[in-house]
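Please open the model in your viewer and keep the sequence panel beside it. The tour below goes from one selection to the next and says what is to be found at each stop.

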Amino acid sequence: MACWITLSELKFDHYYSFDKLTETLQKLASEYPSLAKLRSIGKSVQGRELWLMEITNFETGAPKTKPAVWIDGNTHAGEVMGSMVCLKNIWHLLIKYGDDPNIAELLDYTTFYILPRLDADGGEFVINTPYYVLGADNETGGGRWYPLSREEWSSTERGLFMEDVDGDGVIVQMRIPDPIGEWKVSDKDARIMLRRTPEDQLGDFYRVYPEGFILNFKGEKEIKMAPARWALNFNRNWPGEWAKEEVSRGSGSYPLSEPETRSVADFIVSHPNICLALTYHTHGGVLFSYSEDDQIPVQDRKLFKIIESIFEDQTGYPSRSMGKRGPSGSFSTYMTVHRAIPCNTIEIWDLLSEIGMKDWVKREGFTFSAKRREEQELKLIAWNEKELNGEAFVDWHEIDHPQLGKLEIGGWKKKFVLRNPPVKFMEREVNKIMFFPFRLARLLPRLIIKEASSTKIGEHVYKVNLILENVGALPTYIMKHALDIGSTKPAIASIKLAHGMKLISGDNFIKFHLEGYLNKDLTEQRRERLNNCDKNKVTFSWLVRTEKSGKIKLKVQSQKAGCIKTVLNLSPDIS
Ligand SMILES: [Zn+2]
């Protein structure tokens with residue numbers, strides 16, 4: 001297999017625009033036609049293709065006949081790093097097939113569906129504009145007006161909106177001196193803004209705002225934020241516990257109201273071979289999971305525990321499970337609870353653990369106390385000087401704001417420092433995450449035929465035996481929840497006789513499920529755990545009467561554990 005693209009040529013030195021992403025995917029697909037197929041599963045509102053790379057060894061079976069892993073990235077406009085990890089996943093599977101036996105085995109028996117950029121419009125918007133997207137005003141979607149139209153917003157609303165006031169290509173912060181302001185300058189470093197404490201009676205104080213202009217300004221002293229312009233949140237638009245806008249911000253007018261989410265849901269529903277799913281977000285350095293969720297069976301929560309431990313081992317990042325679900329409409333809840341496909345959200349990149357401020361779980365999530373802020377900011381400033389030549393911080397500088405007069409602009413460039421890794425750290429971070437889905441894929445169920453035989457047991461009567469085994473770790477139904485809600489059909493073993501043969505005992509098709517070898521770890525029954533009998537194996541027997549020779553076709557079809565078949569030749573004359 002010739003490689004047009006080598007490791008040094010797939011460069012992680014910038015965030016890929018839609019065109020660059022498209023070109024790279026097309027080249028990879030055309031170079032590896034026996035392993036990859038690029039398809040568009042739909043179009044964004046602005047007409048961009050929603051590219052999905054289908055990867056498996058096509059010579060060992062069609063993609064849909066194998067257990068599959070779903071991976072997506074860039075659900076939120078600003079989280080373009082997710083696309084880069086998807087790209088590396090694709091690249092690694094294709095390039096390494098030839099010389100890594102583990103990858104070869106994976107693609108012989110498994111399918112990967114990888115969608116690098118769900119918010120194709122938003123990702124492009126974020127890469128090509130100064131907008132931070134998901135800032136103080138919670139603008140999670142990129143450039144798509146919601147819930148207000150542009151006309152409604154600009155003619156009937158007031159307040160501050162984020163904008164690149166000084167035209168330097170980034171949106172940072174504005175500080176305005178004010179004796180009753182709630183911010184002060186740190187006396188350890190004049191660049192750092194700190195909250196004013198109750199004891200700060202004397203000194204210079206400021207008000208601090210995102211860099212921007214004021215919509216329909218009429219000279220007001222008190223500045224409030226304008227309503228968000230692009231507040232649509234794809235990760236609130238899924239049917240899983242969807243709630244209306246008043247309860248769940250950004251949820252859209254109804255579940256799957258957007259062509260992007262609808263296209264993915266259509267694909268998921270029409271590909272029941274999908275066994276596991278991952279969705280790449282940023283940031284925080286954490287895996288969101290369902291191991292504490294008491295609305296799914298204990299067995300499934302144990303499975304999530306196993307997934308968490310693999311994640312922690314692979315990435316060094318912690319995992320976190322939410323006990324009680326609120327309204328969410330998130331992809332992971334849709335997949336896990338509505339489709340019974342275990343789905344985890346990965347928050348890639350953690351700037352704060354980078355500067356030694358412990359991991360996401362230990363510092364209790366995204367919140368940080370006011371008194372820690374100074375320490376954190378000092379460490380960030382030092383890290384920025386050392387690692388990025390100070391490029392991540394815009395020094396405070398005075399400008400004449402057309403609406404607010406003289407003020408200073410400065411602060412952190414968050415988009416490619418906090419929200420996504422700086423380019424310098426991109427590939428290291430990509431490599432930290434990329435092997436996790438490959439390790440998960442090793443858990444998938446896989447049916448094999450242990451034995452298929454026919455034995456003469458009487459005049460013109462033959463016993464046909466089929467011994468099947470699930471050699472995978474997980475059961476053929478993946479989640480017990482799938483059995484409870486009926487979202488996964490049983491596997492079917494069927495027998496087809498040649499003309500003139502007669503089935504005298506046994507059904508021509510049998511429905512079944514098999515456990516995987518993790519059964520004893522996953523089961524909630526103590527008795528089960530002590531039970532030695534294998535539940536990952538089954539024997540089916542039929543009695544066939546025939547006076548002529550002919551073929552018996554045995555076929556096994558499982559939605560999530562593969563499709564296999566074999567043919568027995570019965571030759572009554574000689575047997
Ligand atoms: Zn996100």
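This is a predicted model: local features need pLDDT of at least 70, side-chain atom pairs count only at pLDDT 80 or more; totals for chains, interfaces and linings use all residues.

## First stop: a buried serine

Begin by selecting S321, whose side chain reaches the backbone oxygen of S289 at 3.1 Å.

Residues are numbered from 1 along each chain as its sequence is written, and side-chain values use heavy atoms, with hydrogens and water left out.

S321 is found in strand β13, residues 319-321; helices (H or I, at least four residues) and strands (E, at least two) are DSSP runs, numbered from the N terminus. With a relative accessible area of 15%, S321 is buried, where buried means under 20% relative accessible area, exposed means over 50% and partly exposed lies in between, for a 1.4 Å probe and protein chains only. If its neighbours within four places in sequence are left aside, S321 is in contact with S289, Y290, S291, E292, D293 and E308, contact meaning heavy atoms within 4.5 Å.

## Second stop: E308

From that list of contacts, select E308, which is found in helix α7, residues 298-315. E308 counts as buried, at 6% relative accessibility. Leaving aside its neighbours within four places in sequence, E308 is in contact with L287, S289, Y290, S291, S319 and S321. To see how the chain returns here, select P318 as well: its C-alpha atom is separated by 8.0 Å from that of E308, and the two residues are 10 apart along the chain.

Which atoms coordinate the zinc ion? Select H76, E79 and H281, and you will find H76 (ND1), E79 (OE), E79 (OE) and H281 (ND1) at 2.1 to 2.4 Å; donors are N, O and S atoms within 2.8 Å of the metal (3.2 Å for Na, K and Ca), and since water is not among the atoms, sites may look incomplete. H76 lies in the loop between β3 (68-73) and α2 (81-96) and H281 in strand β11, so the pair ties together parts that are 205 residues apart in sequence. H76 counts as buried at 10% relative accessibility, and H281 counts as buried at 2%. The angles among the 4 donor atoms run from 57 to 148 degrees, and the site is irregular. Four donors count as tetrahedral if all angles lie between 85 and 135 degrees; four count as square planar and six as octahedral if opposite donors are over 155 degrees apart and all others between 65 and 115; anything else is irregular.

## Fourth stop: backbone features

Most residues other than glycine have a negative phi, and most peptide bonds are trans. Select Y146 and P147, which are joined by a cis peptide bond with omega about 0 degrees, and then T282 and H283, where the peptide bond is cis as well, with omega near 0 degrees. H283 is placed in the loop between β11 (274-282) and β12 (286-289). Next select I478, which is not a glycine and yet has a positive phi of about 65 degrees; at 1% relative accessibility, I478 counts as buried.

## Last stop: salt bridges

The structure holds 27 salt bridges, each being a side-chain nitrogen of Lys or Arg within 4 Å of a carboxyl oxygen of Asp or Glu. Select E354 and R428, whose closest N and O atoms are 2.9 Å apart. E354 lies in helix α9 (residues 351-354) and R428 in helix α12 (residues 423-441), so this pair ties together parts that are 74 residues apart in sequence. Finally, select E429 and K432, which form a salt bridge with their closest N and O atoms 3.9 Å apart. Being 3 residues apart in helix α12, E429 and K432 are separated by about one helical turn. E429 counts as buried at 0% relative accessibility, whereas K432, at 24%, counts as partly exposed.

Definitions and conventions:
A polar contact is a pair of N or O atoms within 3.5 Å; within protein, one must be able to donate a hydrogen and the other to accept it, and residues adjacent in sequence count only if both atoms are side-chain atoms.
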